[in-house]
Amino acid sequence: MSSRRVASQLITAPNFRSLSAQALRPLALRFPGAIKPVGRYEISGELVRVAVALKRDGQTIRTVELSGQKNDIRTLAAELAAAIERNDAGL
């Protein structure tokens with residue numbers, strides 16, 4: 001599976017869609033203090049590593065890093081969303 005295809009699956013996985021920076025960017029501009037996710041991913045063999053920083057007004061308030069199998073992007077996306085939700089009270 002190509003890196004581009006893995007990235008496409010990760011970004012379009014149902015639990016990850018709500019974290020899309022493109023979808024939230026207009027809200028962040030209209031609502032000072034809004035939380036904006038900024039992330040990166042790396043593929044190494046069959047492993048995908050994902051890091052997402054949650055930013056408010058340009059300051060990183062928390063980071064979440066996870067890894068999972070390249071052939072199971074939906075599970076990785078669900079785990080990422082759950083990790084962010086688990087700690088959202090402190091945001």
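Which residue takes a positive phi in the hairpin of strand 1 and strand 2? Select Gly45: in this hairpin, with two residues between the strands, Gly45 takes a positive phi near 65 degrees. Helices (H or I, at least four residues) and strands (E, at least two) are DSSP runs, numbered from the N terminus.

**Before the tour**

This is a predicted model, in which local features need pLDDT of at least 70 and side-chain atom pairs count only at pLDDT 80 or more, while totals for chains, interfaces and linings use all residues. Residues are numbered from 1 along each chain as its sequence is written, and side-chain values use heavy atoms, with hydrogens and water left out.

**The whole protein**

Display the protein as a cartoon and follow the chain from the N terminus: the elements run α-α-α-β-β-β-α. That makes four helices and three strands. Of the 91 residues, 27% count as buried; buried means under 20% relative accessible area, exposed over 50%, and partly exposed in between (1.4 Å probe, protein chains only). Among contacts between residues at least 6 apart in sequence, 36% join residues at least 24 apart, where contact means heavy atoms within 4.5 Å.

Two strands count as paired if DSSP finds at least two bridges between them.

**Strand 1 against strand 2**

Keep strand 1 and strand 2 in view; ten bridges join this antiparallel pair. Gly39 has Val52 of strand 2 as its bridge partner, and Arg40 has Ala51 of strand 2.

Next, select Val38, which lies in strand 1. Val38 counts as partly exposed, at 35% relative accessibility. Apart from its neighbours within four places in sequence, Val38 is in contact with Ala51, Val52, Ala53 and Lys55. A C-alpha to C-alpha line from Val38 to Ala53 spans 5.2 Å, although these residues are 15 apart in sequence.

**Strand 2 against strand 3**

Move on to strand 2 (residues 47–56) and strand 3 (residues 59–69), which pair in the antiparallel sense over ten bridges. Select Val50 to find its bridge partner Leu66 in strand 3, then Ala51 to find Glu65 in strand 3. The hairpin of these strands has two residues between them, and there Asp57 takes a positive phi near 50 degrees.

**Helix 4**

Now select helix 4 (residues 73–86). Its 14 residues reach 20 Å from the first C-alpha to the last, close to the 20 Å expected at 1.5 Å a residue; the expected span is 1.5 Å times one less than the number of residues.

Which residues of helix 4 are buried? Colour Ile73, Leu76, Ala77, Leu80, Ala81, Ala83 and Ile84. They cover an arc of only 160 degrees around the axis, which puts them on the same side of helix 4; the arc is that of the directions from the helix axis to the C-beta atoms. Turn to the face away from this buried side to find the exposed residues Arg74, Glu85 and Arg86.

Is Arg62 buried or exposed? Arg62 is buried, with a relative accessible area of 16%. Its side chain reaches the backbone oxygen of Ile84 at 3.1 Å.

The second stop is Ser67, also placed in strand 3. Ser67 is partly exposed, with a relative accessible area of 39%. Leaving aside neighbours within four places in sequence, Ser67 is in contact with Leu47, Val48, Arg49, Leu76 and Glu79. From Ser67 to Glu79, twelve residues apart in sequence, the C-alpha to C-alpha distance is 9.3 Å.

Key: A polar contact is a pair of N or O atoms within 3.5 Å; within protein, one must be able to donate a hydrogen and the other to accept it, and residues adjacent in sequence count only if both atoms are side-chain atoms.
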